[in-house]
Every structure is written in structure tokens, then in C-alpha cells.
Amino acid sequence: MNTIKVEFENAEGQKLMGRLEFPVDRHPHNFALFAHCFTCTKNLSAVRNISKSLTAKGFAVLRFDFTGLGESEGDFADTNFSGNVTDLVAAADFLSKNYDSPSLLIGHSLGGAAVIFAATEIESIKAIATIGAPSNPKHVKHLFKSGLDEINATGEAVVNLSGRDFKIKKQFVDDLDNKSLPETAKSLRKPLLIMHSPQDDTVGIQNAEEIYKAAHHPKSFVSLDGADHLLSNKKDSLYVGEVITGWAKRYLDVTDKVTSDLKTTHQVVASLDAEDGFTTQMKVGNHHMLADEPESFGGNDFGPSPYELVSAGLAACTVMTLHMYAKRKGWPLENVEVHTSYSKTHAQDCEDCENSSAKIDTFHRALKLTGALDDKQRERLVQIADKCPVHKTLHSETQVITSVVD
């Protein structure tokens, strides 16, 4: 299993529930800690998509429910922003004691503000990324402005947030007023990535500007043009994850760490949890990647499909074989493009032609040869394409020997 359920205690002794996701080889080079948005949970689709982008690049990611939300214990009405920060510190302590200290903090919306505060208390943090974060925690008060008068008058009110009712107490509001994020960001002195959408109508883009101005270098800003606050479009959340992984590697040690969690003598490992649909984590040689199915087949389209991977192997083998042959002959082959696709089509010379429905697995391959080649050289290269090792494998009688391992 690459995703395991974990639990740890907060400062009040209540159990917080989380999911710890590993890269497919279970050898993470760094651990990241994710803080979800206000009243959200660890299972928000955007949180899961971003986490998968990180694990595909060798990170391990802990995403958990803040106190009183999701599967975690506690009453949300008794929590506040400061409690979210202490929950993050507790999560970091859990990782440090049981796995490795986190080096990367990621926060979405109010969770983005929380990770900036938490970064000052977690010594191991080397980089912080925020997504749609408010420049001051008290910004979220506008979300329950309809109940502010009641909160101030009676000490609490039930407020509807994103279709759900939450009890908000005055201590929550007062705690927000006592937190100054710009001052904290100014004293942070750690690499900070700020990501925000200009079209965010929940937390305006000016919040990103205020955080950026307050923070010291190294600091970076990336516009999430077209995205909404919750990153509802999976392409937006996937993009966020890809940007964070690329940015963070500049500031983190990404040397692979060898552990004994998973050992294999095979060239490829594929792993799929029941909750992930078709989105499959893979380690191909020394490279991490995702495989998936297209949306039309019920997948997320986060990676190539199994047959696209087979087609990719044929294409890659073909270009390598042609260049190897041309170099050996001293031919002026400058570039080769191989376009491949897979389908089931009617066989041209079919042994079962009386059966009109008989089809055969077919790979369509188109070659584009660039260079000052004569007709005979081009004709010979087409013949050589049919001799590439993967092509031969697809044509030969093969066997798959299956066994079950513990």
C-alpha cells in the first residue's frame, strides 16, 4: 500500500486522522505536510491531486483533518486558527518520531496562512508553498459576516459555509484578530512560493500581493489564471502540484533515500489503491510516473493508459534503433519522429475472414525522417524499423509468468 491511514494526538490529546502517501518505491527523498482549506478535509479532490503530483516525483505527503473536521476528533466550534497551527506542529512531530522530519509545508486557503505561522515553529521546514491564501487570517470573517452580530452579542452563531452548518464561537473570531500574517511572513526568512488565481472571488488576488511584499527573498509568485478558489478543475490542482515539485527541488535535498519498505528485482512496479480509481503510481526503472485511463473510460487522465505505454515503448525503441543503424552506416539522419497509436482493426489477411467481426491488435506507426537521405536509405530505414527489439517482441510468441508475492 502506498497510502496508509495514520493517527496522532493534538495538543489536547484528541486523535487527528490522516493519510500518508508514499512514492511507489516507498523511498521518499522528502516529507511534505499539507494543510487543507477552511472547513475542508484531507479528502478534498484538489488536496488529493496535489499530493499525487508530489508522490509521483518522490515526495511522501501527509494530509490530515484539522481538529473537529473530517475523521478527526474534537468539536469544530471549540477550535480556532491557533489550533490549526498547533495541529500542524503535532503532525510534524508525528512524522519526525515515526518517519522523517518534514521539509516542505503546503497550505490551501486558510491552511496557507496556517503553514506560514507553523513554519516558524517547525525547525525542519526548508520551503513553504501557499495556494489562495489570505494575507491575514481574519479575512475569513467575511465568510460568516451574516452571523457576526449574533456572535458578538451571544458569543456564538450557526453559520452556513459551502452548504454545511458550522457553529462559530467568539473566541474563533477574536483569535483571528490577534494574528498578523505580514509580520510573520517578514520574519520567516525561508523560501516561499505564493500561488493565487486572479479570478479567485473568495480570497482576492490582492492577498497574494500583500504576502509577497511582506516576505523576504527567496520568494516566488505563480498565477493560477482561470482557476477557482477550491481548484475544482483537476487540471488546475494537478498543475499546482507539478509547479510545487519543480520549485521545491531548488531548496531541498532530493537525493533518493534507500529504505527496506519495498524491495523488488523487477524493472517496473505499478501500485493502485482501491480509492484511486485507475490512477496508478509507477516506478519505471529509476523514474517515477503515473498511469491512468482517459475520462471517457472513467479515469482521471493523469497519465498515459496501459496501451499508450506500450505504444510509447514501440515508438521509443524505433527511434533509438534507426539512429543507431544510421550512425553505424554514417548516414545523415538528423532526426526521427515516430508516431504510434493502438487499436483493434480488421486484419488485412485474416484467417477468420468468414467472421466479419474478427479483429486483430494493430499498432499504426508513422515515420518522419529528417536529413539528406536518398530514396534507398529511406527505404532501408523503414525496413530497419520493423527490426527494432520491441517490434520483434510484439510479433513473437511471448509468455507472462505470474506469481503472488507477500
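User: Why is Lys-15 called partly exposed?

Analyst: This is a predicted model, so every value here is computed from it. Lys-15 has a relative accessible area of 36%. Buried means under 20% and exposed means over 50%. The value for Lys-15 falls in between, so Lys-15 is partly exposed.

User: What makes Glu-7 and Lys-15 a salt bridge?

Analyst: The closest N and O atoms of Glu-7 and Lys-15 are 3.4 Å apart. The cut-off is 4 Å, so the pair qualifies. Glu-7 is also partly exposed, because its relative accessibility is 40%. The structure holds nine salt bridges.

User: How do you know that Arg-19 and Glu-71 meet in a salt bridge?

Analyst: Their side chains come to 3.2 Å, N to O. That is within 4 Å, so the label holds. The pair links distant parts of the chain, 52 residues apart. Arg-19 is in strand β2, and Glu-71 is in the loop between β4 and α2.

User: Are the two partners, Arg-19 and Glu-71, buried or partly exposed?

Analyst: Arg-19 has a relative accessible area of 8%, which is under 20%, so Arg-19 is buried. Glu-71 stands at 42%, so Glu-71 counts as partly exposed. Both belong to a network of salt bridges that also includes Lys-42 and Asp-65.

User: What makes Arg-63 and Glu-21 a salt bridge, and which strands hold them?

Analyst: Their closest N and O atoms are 2.8 Å apart, within the 4 Å limit. Arg-63 lies in strand β4 and Glu-21 in strand β2, so the pair ties together parts that are 42 residues apart in sequence. Arg-63 and Glu-21 are both buried.

User: Why is helix α3 called largely enclosed?

Analyst: Count its residues. In α3 (residues 110-119), 10 of the 10 are buried, so the helix is largely enclosed by the rest of the structure. Among them are Leu-110, Val-115, Ile-116 and Phe-117. For the protein chain, 47% of the 406 residues count as buried.

User: How do you describe the packing of α1 and α8?

Analyst: Two packed helices are described by the angle between their axes and the distance between the axes. For α1 (residues 45-55) and α8 (residues 234-248), the angle is about 40° and the axes are 8 Å apart. The crossing is right-handed. Residues of α1 at the meeting include Ala-46, Asn-49 and Ile-50. From α8, Leu-238, Gly-241 and Thr-245 are among those taking part.

User: Why is Thr-245 called buried?

Analyst: Thr-245 has a relative accessible area of 4%, under the 20% cut-off, so Thr-245 is buried. Thr-245 sits in helix α8. Leaving aside neighbours within four places in sequence, Thr-245 is in contact with Ser-53, Leu-54, Lys-57 and Phe-59.

User: Why is Ala-270 called exposed?

Analyst: Ala-270 has a relative accessible area of 54%. The threshold is over 50%, so Ala-270 is exposed. Ala-270 lies in strand β11 (residues 268-271). Not counting residues up to four places away in sequence, Ala-270 touches Thr-280, Gln-281 and Met-282.

Terms used
Residues numbered from 1 in each chain as written. Predicted model: local features only at pLDDT ≥ 70, side-chain atom pairs only at ≥ 80, totals over all residues. Heavy atoms only, no water. Helix = DSSP H or I, 4+ residues; strand = E, 2+ residues; numbered from the N terminus. Buried < 20%, exposed > 50% of the residue type's maximum accessible area, 1.4 Å probe, protein only. Contact = heavy atoms within 4.5 Å. Axes fitted to C-alpha atoms, helices over the stretch in contact; angles between N-to-C directions. Left-handed = near helix turned anticlockwise from the far one by under 90°.
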